Amino acid sequence: MSGATHRVFFALWPDAAAATHLTALAANLAAHTGRPIKASALHLTLEFIGDVSAADLVRLKEAAAKVVSTRFDLALDRLGYWPRGGILWAGCNRPPEALRELASALKGALAHGGLERHDRHAGDFAPHVTLARRARCASVPRLDTPIGWHVDRFVLAESHLHPSAASYRLLAEFPLAAAAP
């Protein structure tokens, strides 16, 4: 691939209220161990793409613009821990069907557009928000109060890797339709 590439992914970015709660939770969980994720980096990945050219970036935006899905509410109601990388995360015991439909519609639009995805995490869609990295966790705490989040859009974001953390830049937003009454 010649020219500059962009490391991109599609995600949900939390609304202001959810971001505030997630940031506080991340700081609390990582107070004794690990590194909390900054508020500006909190997201739920729908589809990781990987490195793409500027031309493919245009094609990704075109494909995503064709996704038809409705707004929905998401409740992050459980915490989890992946020892590899020391990842503490928040997720859903039962992800809403609308979230699964959005992820499926996006995957279908990308496939229809001939856009291959980077398959670093093959398998089932496991919706989660990373809260802390490099954590050590003997037992996962309970999340007593779910964190609500109204999802009204998804985004295409670019990641920039730095030695201490990653930073993200939103490249495009794709609004979701209002649910029928």
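Mentor: Before we start, one definition: the expected span of a helix is 1.5 Å times one less than its number of residues. Keep in mind too that this is a predicted model.

Trainee: Okay, so how far does H3 reach from its first C-alpha to its last?

Mentor: Helix H3 covers residues 97-112, which is 16 residues, and it reaches 22 Å. That is close to the 22 Å expected.

Trainee: Which residues of H3 are buried?

Mentor: Ala 98, Leu 99, Leu 102, Ala 103, Leu 106, Ala 109 and Leu 110. They sit on the same side of H3, because they cover an arc of only 140 degrees around the axis.

Trainee: And what is exposed on the other side of H3?

Mentor: There you find Glu 97, Ala 111 and His 112 exposed.

Trainee: What covers the buried residues of H3?

Mentor: The cover includes strands E1 (5-12), E3 (44-53), E4 (72-76) and E9 (153-161), along with helix H2 (54-65).

Trainee: What follows H3?

Mentor: Gly 114 does, and its phi is positive, near 70 degrees.

Trainee: Which H2 residues are buried, then?

Mentor: Leu 57, Leu 60, Ala 63 and Ala 64. Their arc around the axis is only 125 degrees, which puts them on the same side of H2. On the other side of H2, Ala 55 and Ala 65 are exposed.

Trainee: What do the buried ones pack against?

Mentor: The buried residues of H2 pack against E1, E3, H3, E9 and strand E10 (166-175).

Trainee: New topic: strand E6. Is it mostly covered or mostly open?

Mentor: Mostly covered: E6 runs over residues 87-91, and five of its five residues are buried.

Trainee: Which way do they point?

Mentor: Ile 87, Trp 89 and Gly 91 point one way from E6, while Leu 88 and Ala 90 point the other way. In a regular strand the side chains alternate between the two faces of the sheet.

Trainee: Which strands pair with E6?

Mentor: Strand E5 (residues 78-82) runs antiparallel to E6, joined by five bridges, and Tyr 81 has Leu 88 as its bridge partner. Strand E7 (residues 128-133) also pairs with E6 in the antiparallel sense, over four bridges. There, Ala 90 stands opposite Val 129.

Trainee: How many residues lie between E5 and E6?

Mentor: Four, and the two strands form a hairpin. In the turn, Gly 85 has a positive phi of about 90 degrees.

Methods
Residues are numbered from 1 along each chain as its sequence is written. This is a predicted model: local features need pLDDT of at least 70, side-chain atom pairs count only at pLDDT 80 or more; totals for chains, interfaces and linings use all residues. Side-chain values use heavy atoms; hydrogens and water are left out. Buried means under 20% relative accessible area, exposed over 50%, partly exposed in between (1.4 Å probe, protein chains only). Two strands pair if DSSP finds at least two bridges between them. The arc is that of the directions from the helix axis to the C-beta atoms. Contact means heavy atoms within 4.5 Å.
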